[in-house]
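Have a look at it first, then read on.

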Amino acid sequence: MTETRVPRGSTVRLGAVDGDLRADGHVRIEVDGRLAVSGNARFEGDAEIEGDLECRSLDADDGTVRVKGSLRASDVVHARDAAIEVGGEFRAHRADIDRRLRVTGPATADEFEVGGVLDGGNTLTARRVSVGGKLRLVGKLTAEGVEAGGSVDIADVEIDSLEAGGLIRLNGGTVRRSIEVGGRFVADAPLAFGSLEAGGLAELKGDGKGGAIDVGGVFTARGNLTFTSLKVGGMGSIGGSGEGESVEVGGKFDVHGGLRLTRALDVGGFVSIREELRADRLELGGALSARRAVFSSDADVGGRVQTVEGLKAERLVLRRKARASGPLVGGSVELEDKARAEDVYGTSVDLGEKAEARRVFAARVRIRADARVDEVTFTETAEIDPAAHLRSPPRRVEALPVFPL
Amino acid sequence: MLNGRDEANPPRRREVTDLYATVLEVVKHYHGAARITRVSYGAGMPVDRLRNFVDRLLALGLLTSDELDGRPVYDITPRGQEFLDTYWKMRGYVEVLERGPRDERPNRRR
C-alpha cells in the first residue's frame, strides 16, 4: 500500500489519498471538497484539516488534530497522548482518545473511550461510553452503558445504565436500568429510571418514576415521585406526592402532598406528611406528623406522633414514654408505661403503668396502676387497676360511637 | 472536575480534599488498571503534581499499586472507598446547609 507523507510544518492541498496518509507535526491540510484516505491517516503532533476527513482508521500521537468538517472512520480513531477536535459530524467504529474529544456535530460510534474530557455539541449515539474525567453533551445521549470517573453533564438521555464517580447532571429522559453516582445527582426535568444510587446528594427537579432509590445523604424530589423502595441515609423530601412500596429514612423526611406505600414506612428520625399517609405498617423511632395516617397492619411508635384527623392501625403500640396527639384508632391499641395520648378508639385498649389518655372507647379496656384517664367507655370488659386514676367511673354502653377514619 | 454547572450554586473552588476525591474516583473508574497518564487526563491534573497526590494516597492506604505490562497501575482500596463514601455524604450535607432554608422549600421555581 502506498503512503502519502506531509512533512512537518507544511501546508498542502489534498483530495483523495490512495493508501495511507502520514503527517508530521504542525501541518495544515487544505481540502478539495473532502479528504478521503483509503487506508490509515496518521498524525504525529498537531494537525489541521480544513474540511471533511474520511479514512479507514486514524491515529494521532502527542498533539491535537483539528478537523474543521466531519470525521468519518470505518474503523478505529485512536489518539495517544493526543486530542481530537471535530467541527462537524464524528463517526467511527470505535474512538479511543487519551486526552480530549470535542465534537460540534452529532457523534456516533460503537464505543467511545476517552481518558480526559468528551465534549459534545450535539447528539451522541453509542453502545458504550467510558470517560475517565468529564462528559459534557448538549444534545441527546443514546447508549447502553455510560461511565465517567469524574462528572457527567448531559441533556436528555435514553440509556440503559449510567455511572459516574463525582457528579451526574442531566436534563431528563430514561435510564432503563441503573444510575450510580458517587457524589451528586441532579435531574432538571422528568426522569424515568430503573434504580438510583447516589452517595451524597440526589435531586429530581421534575417528576420521577423509578425503582429502588438509595441515597447516602440528602434526597430531594421537587415533583411527584413513584418508586419501589426509597432509602435515605440522612434527609429526604418529596415536593409533590409519593407512591411506592417502602420508605426507610435515617434522619428527616418531608412530603408536601400525600404518601402511599404498599409496605412499610420506617423512620429513625422525623417524618412530616402534609396530606394523607397510607402504608401497610409503621416503624417510628422519632416523630411523625400527618393530616391523617392509616396503616393496614402495625404501627409501632417509639417517639412522638401528631395527626389532625387521627392515626389508625390494626395493631397500634405507643412505646414507653411515647406521645400522640390526635385520635388513635385500632384494632388493638397499647400504650406502654408512661406513654401519653388523647382520644383512643379500639377493639381492645391497654394502658400501661403511668400511661395517660383523655378518653378511651373500646370493647375491651385494661387500665393499669397509676395510669390516668378522663373517661372510659366500653361494651364488653373493663379491667381497671385500683391504683389507676379515672376522672369519672367507667361507662358501659350497648354500642360505641363511630370511630374516626 | 467534580464541580458541575448550576446557576443557583456556581462551581466552588476545588479544595485539596476535593482533589484527593477526584483522583480516587478516576482511579476507581479504571478497575485496577489506572495508569498515571490516564488518571492525569481524567483528574485534569499534570502528572508531576498528580504523583504527589498518588504517593500520599498510597501512604495512607487509600490506593494500592501493581504492575501491568511493566508499568505501574493503581487501584482503590476498601479504605479509599470508605473515604469516598464519607466525603460524598458530607458534601451532600454541606451543600444543603450552604443553600439556606429558603432554597429548601419544595416546588420553588428557579
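Let's begin with A:R368 and A:D350, whose side chains meet in a salt bridge with 2.8 Å from N to O; the term stands for a side-chain nitrogen of Lys or Arg within 4 Å of a carboxyl oxygen of Asp or Glu. The pair links distant parts of the chain, 18 residues apart: A:R368 sits in the loop between β47 (356-367) and β48 (372-384) of chain A, and A:D350 belongs to strand β46 (residues 344-351). Strands here are DSSP runs of E with at least two residues, helices are runs of H or I with at least four residues, and both are numbered from the N terminus. A:R368 is partly exposed, at a relative accessible area of 27%. On that scale, buried means under 20% relative accessible area, exposed over 50%, and partly exposed in between (1.4 Å probe, protein chains only).

A word on the ground rules: this is a predicted model, where local features need pLDDT of at least 70 and side-chain atom pairs count only at pLDDT 80 or more, while totals for chains, interfaces and linings use all residues. Residues are numbered from 1 along each chain as its sequence is written, chains are lettered from A and ligands numbered from 1 in the order in which they are written, and side-chain values use heavy atoms, leaving out hydrogens and water.

## More charged pairs

Over all chains, the count comes to 55 salt bridges. One of them joins A:K68 to A:E48, at 3.9 Å from N to O. A:K68 is in the loop between β9 (64-67) and β10 (71-73) of chain A and A:E48 is in strand β6 (residues 47-49), so the bridge ties together parts that are 20 residues apart in sequence. Both ends are partly exposed: A:K68 has a relative accessible area of 48%, and A:E48 has 26%.

A:D160 and A:R177 make another salt bridge, with their closest N and O atoms 3.9 Å apart. Here strand β23 (residues 151-164) supplies A:D160 and strand β24 (residues 167-181) supplies A:R177, so parts 17 residues apart in sequence are tied together.

## A buried phenylalanine

What about A:F253? This residue of strand β36 (residues 252-255) in chain A is buried, at 0% relative accessibility. Beyond its neighbours within four places in sequence, A:F253 is in contact (heavy atoms within 4.5 Å) with residues including A:L230, A:I238, A:V247, A:L259, A:F270 and A:V271. C-alpha to C-alpha, A:F253 lies 8.1 Å from A:V267, a residue 14 positions apart from it in sequence.

## Chain B at a glance

Chain B has four helices and two strands, running α-α-α-β-β-α from the N terminus on. Of its 110 residues, 43% are buried. Among contacts in chain B with a separation of 6 or more, 49% are between residues 24 or more positions apart.

Chain B exposes about 6,400 Å², and carbon and sulfur atoms supply 51% of that area. Such areas come from the Shrake-Rupley method with a 1.4 Å probe; for residues, only the protein chains shown count as cover.
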